[in-house]
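Trainee: Could you take a close look with me at how the parts of this chain meet? I'd be glad of a connected walk through it.

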Amino acid sequence: MTSAIWHPFTQHGLREPIPLVERAEGALLHTRGEEGEPRTVIDAISSWWVTTHGHCHPRIMAAIAEQTTKLDQLIFAGWTHEPAEQLATGLRAIMPESLTRVFFSDSGSTSVEVALKMALGYWAARAEKDGGTPRHKIIVMEHSYHGDTIGAMSVGARGVFNRTYEPLLFDVARIPYPAAGAEQATLDALEALCSAPDAAALILEPLILGSGGMLIYPPSVLAEMRAICAAHGVLFIADEVMTAWGRTGTLLACEQAGVVPDILCLSKGLTGGAVPLAVTMASEPIFEAHWSNDRARMFFHSSSYTANPIACAAANANLAIWREEPVLERVAALTAFQAERLDALGRYCHFDHPRQLGTIAALDLRSMESAGYLDSRAPRLMAFFRERDVLVRPLGNTVYVMPPYCITPGQLATVWDTIGEAVITA
Ligand SMILES: *Cc1c(COP(=O)(O)O)cnc(C)c1O
């Protein structure tokens, strides 16, 4: 019987196999082969960048189970509950001090939509108070990815992913990716765009552009971009949906540049990757801009599952793990292990641009020409990895590893050995 499911980012016409996973723990997924025989797959990409401490982490699962006996779901407009209150307090304690307000939503894309709406709300209120027209232009970085809803696509890179929807996407201003040696061009472009009277906000992925191909840039450039925004009063939105929760070696990537954003987007690892939840944290002036005794000026955003209590309980367990366990030490050990393997493979003539930031390690398959995301080698590589029970999903000709922090040296060695073998087939 064929499945009725329409999968994301999947061309069903290619009839590629879609493995069924029965259960998971740590870095392992349990599935079955064609004969029904049990197989174990190493999840080397944290199930699309979300799983931080490992699948079915006992503390997170226990917190979810406990919460299900108390409160499942609650309207969050005008009502509140303990798991959300505890989470907001917990986030305030570990996130930058000036980010005083926590707005809940349910995915990375929505946290970005919320951030953009907050920024425009801020400028609308400012214009009303000071006179003049509200700023509305959003500045973005080339090769960025911020999600797949219309607003999030608008501020992301344009390409094969969203060409069809182009007529619906709003206009943004773009700065180039600060490639090595071309950083000044990025800073100059930002300076020019921030000087325009309609410049409202810059949104970017700090230190590493994920979906754009794991493109890394230095903390010094991030710090300079932040300073340019501050000098022009342009809001600085950090989309740390992928980079937060230790991914880049620190709790937030922004930390490495000593940068504090005006608005911060968090999702993926917020619940340890167990259940969907997102927050958009904002500084006091952004909250204050929406503060009034007029209902017509409130922040008009909500979704049914805003601050779902079970998801908040999972996030609270994640915060407890961060408080009580040596998470950053695990990240550092993982980083060191991957650095060695990357160094060894990077010298191999089939690869270009070995690069690493914290737990993320990437390299490009050398080629005459790259066809970008639709590079024909990507599906062949995916099949190769699938056959060898390793979950790796190349981005075009970029192969990367982004494992859960609990992955064992043995499992990680298998992943890197398999990558080494894969290039011979690609
Ligand atoms: C994954 C991602 C998003 C979108 O998050 P979803 O939960 O998939 O909507 C946004 N920004 C960045 C940087 C991401 O990596």
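What distance separates the centres of domain 1 and domain 2, taken over C-alpha atoms?

Mentor: Happy to, keeping in mind that this is a predicted model. The centres of domain 1 and domain 2 are separated by 28 Å, taken over C-alpha atoms. The domain assignment puts domain 1 at 12-43 + 326-425 and domain 2 at 61-324. Where they meet, 20 residues of domain 1 are in contact with 21 residues of domain 2. Between them the two domains bury about 1600 Å², with 72% of that on carbon and sulfur atoms. As for polar links, the count of salt bridges between domain 1 and domain 2 is zero, while six residue pairs are in polar contact across the interface. On the side of domain 1 that touches domain 2, at least two residues each come from helix 10 (327-346), strand 13 (351-357), strand 14 (360-365) and strand 16 (398-401).

Now for the nonpolar packing. The largest nonpolar core has 95 residues, and Leu91, Met214, Met225, Trp245 and Leu266 have the most contacts inside it. Helix 9 (residues 309-324) gives the most to this core, with nine residues. Both domain 1 and domain 2 give residues to this core, so it lies between them. A second, separate core has 24 residues, including Val114, Trp123, Val140 and Cys265.

Threonine 248 counts as buried because its relative accessibility is 3%. Leaving aside residues up to four places away in sequence, threonine 248 touches Ile208, Thr243, Ala253, Gln256, Leu357 and Gly358.

Key:
Residues numbered from 1 in each chain as written. Predicted model: local features only at pLDDT ≥ 70, side-chain atom pairs only at ≥ 80, totals over all residues. Heavy atoms only, no water. Buried < 20%, exposed > 50% of the residue type's maximum accessible area, 1.4 Å probe, protein only. Contact = heavy atoms within 4.5 Å. Core = buried A, V, L, I, M, F, W, Y, C linked by side-chain atoms within 4.5 Å. Helix = DSSP H or I, 4+ residues; strand = E, 2+ residues; numbered from the N terminus. Domains from an automatic or database assignment. Buried area = accessible area lost by both parts, 1.4 Å probe. Salt bridge = Lys/Arg side-chain N within 4 Å of Asp/Glu carboxyl O. Polar contact = N/O pair within 3.5 Å; in protein donor to acceptor, adjacent residues only side chain to side chain.
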